[in-house]
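Trainee: I'm new to reading protein models. Please take me through one, feature by feature.

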Amino acid sequence: MRRIGASVIERVTQACVYASMLLAPVAATQAATEEDPWEAVNRPIFRFNDTLDTYALKPLAKGYDAVTPQFLEDGIHNMFRNLGDVTNLANNVLQLKPHAAGVDTARLIVNTTFGLAGFFDVGTKMGLQRSDEDFGQTLGYWGVPSGPYVVIPLLGPSTVRDGIAKYPDTFTRPYRYVDHVPTRNSAFALDVVDTRASLLPAEKLIQGDKYIFLRNAYLQNREFKVRDGEVEDDF
């Protein structure tokens, strides 16, 4: 099944990042290797995560994608994205980006009210484009270096900076403030499965050493986001 609307843009962006790796020069791979001094430790963790994904998370995502009606799947995805706009807003404020913060605020108001708690992405249809910010990007914006590449158990690719930044971002997410444990865990599980399902099409682009491919894609994608798309072209 294929997502439509805003989710298509998200998938195309993800696919473009992966596809760019197919054309990256050898020098780029060597540079990425220099940023991965802990590869001997990262690879076993990567294999653990990949095994868990192959036999648990991926089958759940495929089942979810197969049995959930498209309109409902898109609506659920939009609701989680709407919640994520709180994180985008907070980090745009920290990066002193008033225009982007204003757009985030407008999206939250419009989608939460007219979009029925975000089930419909009314904001995008009104021309309010969604940001994609987190505290790791905020630190990078203010000059904090990424540090070595690291694979975190269960969470996957990251860097020292981005790994540490994951904790502050939890204060902008709803799970921290939901006291009812079954509700909190169910919502979190659905969010994870929905996110995994949205990445299923991108797997077809992976070639060669999966560890290296995903590492390079992650590092290039993070640089692109931290610099707001203003990166030097190696070609």
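Predicted model: local features only at pLDDT ≥ 70, side-chain atom pairs only at ≥ 80, totals over all residues.

Trainee: Okay, the overview first. How many helices and strands does the protein chain have?

Mentor: It has ten helices and two strands. Reading from the N terminus, the order is α-α-α-α-α-α-α-β-β-α-α-α. Of the contacts with a separation of 6 or more, 73% are between residues 24 or more positions apart.

Trainee: What share of the residues is buried?

Mentor: You need the cut-offs for that: buried means under 20% relative accessible area, exposed over 50%, and partly exposed in between (1.4 Å probe, protein chains only). By that rule, buried residues make up 39% of the 235 residues here.

Trainee: Now the strands. Which way do the side chains of strand 1 point?

Mentor: The general idea is that side chains in a regular strand alternate between the two faces of the sheet. In strand 1 (residues 149-152), Tyr149 and Val151 point one way, Val150 and Ile152 point the other way, and all are buried.

Trainee: In which sense does strand 1 pair with strand 2?

Mentor: Two strands pair if DSSP finds at least two bridges between them. Here strand 1 and strand 2 (residues 156-159) have four bridges and run in the antiparallel sense. Ile152, for instance, sits opposite Gly156 of strand 2. The two strands make a hairpin with three residues between them, and Leu154 in the turn has a positive phi of about 75 degrees.

Trainee: On to a helix. Which residues of helix 8 are buried?

Mentor: In helix 8 (residues 160-169), the buried ones include Arg161, Asp162, Ala165 and Asp169. These cover an arc of only 80 degrees around the axis, so they end up on the same side of helix 8. That arc is taken from the directions from the helix axis to the C-beta atoms. Ile164 and Tyr167, on the other side of helix 8, are exposed.

Trainee: What covers the buried residues of helix 8?

Mentor: The cover includes helix 4 (70-94), helix 7 (135-141), strand 2 and helix 10 (210-226).

Trainee: And how many salt bridges does a search of the whole structure find?

Mentor: A salt bridge is a side-chain nitrogen of Lys or Arg within 4 Å of a carboxyl oxygen of Asp or Glu. The search finds 18. Elsewhere, salt bridges that share partners join Asp36, Glu39, Arg43, Asp209 and Arg215 into one network.

Trainee: Which side chain meets Arg43 at 2.7 Å?

Mentor: That's Glu39, with the 2.7 Å taken from N to O. Both lie in helix 3, four residues apart, about one turn of the helix. Arg43 also forms a salt bridge with Asp209, at 2.9 Å between the closest N and O atoms. This second pair is 166 residues apart, with Arg43 in helix 3 and Asp209 in the loop between helix 9 (181-198) and helix 10. Why does Arg43 count as partly exposed? Because its relative accessibility is 23%.

Trainee: One last thing: which residues form a nonpolar patch on the surface?

Mentor: Patches use residues with over 30% relative accessible area and no salt bridge; like charges are joined within 9 Å and nonpolar side chains (Val, Leu, Ile, Met, Phe, Trp, Tyr) within 5 Å. Accessible areas come from the Shrake-Rupley method with a 1.4 Å probe, and for residues only the protein chains shown count as cover. Trp38, Val41, Val160 and Ile164 form such a patch, with about 380 Å² of accessible area together. Trp38 is in the loop between helix 2 (26-34) and helix 3 (39-67), and is partly exposed at 41%.

Note on methods
Residues numbered from 1 in each chain as written. Heavy atoms only, no water. Contact = heavy atoms within 4.5 Å.
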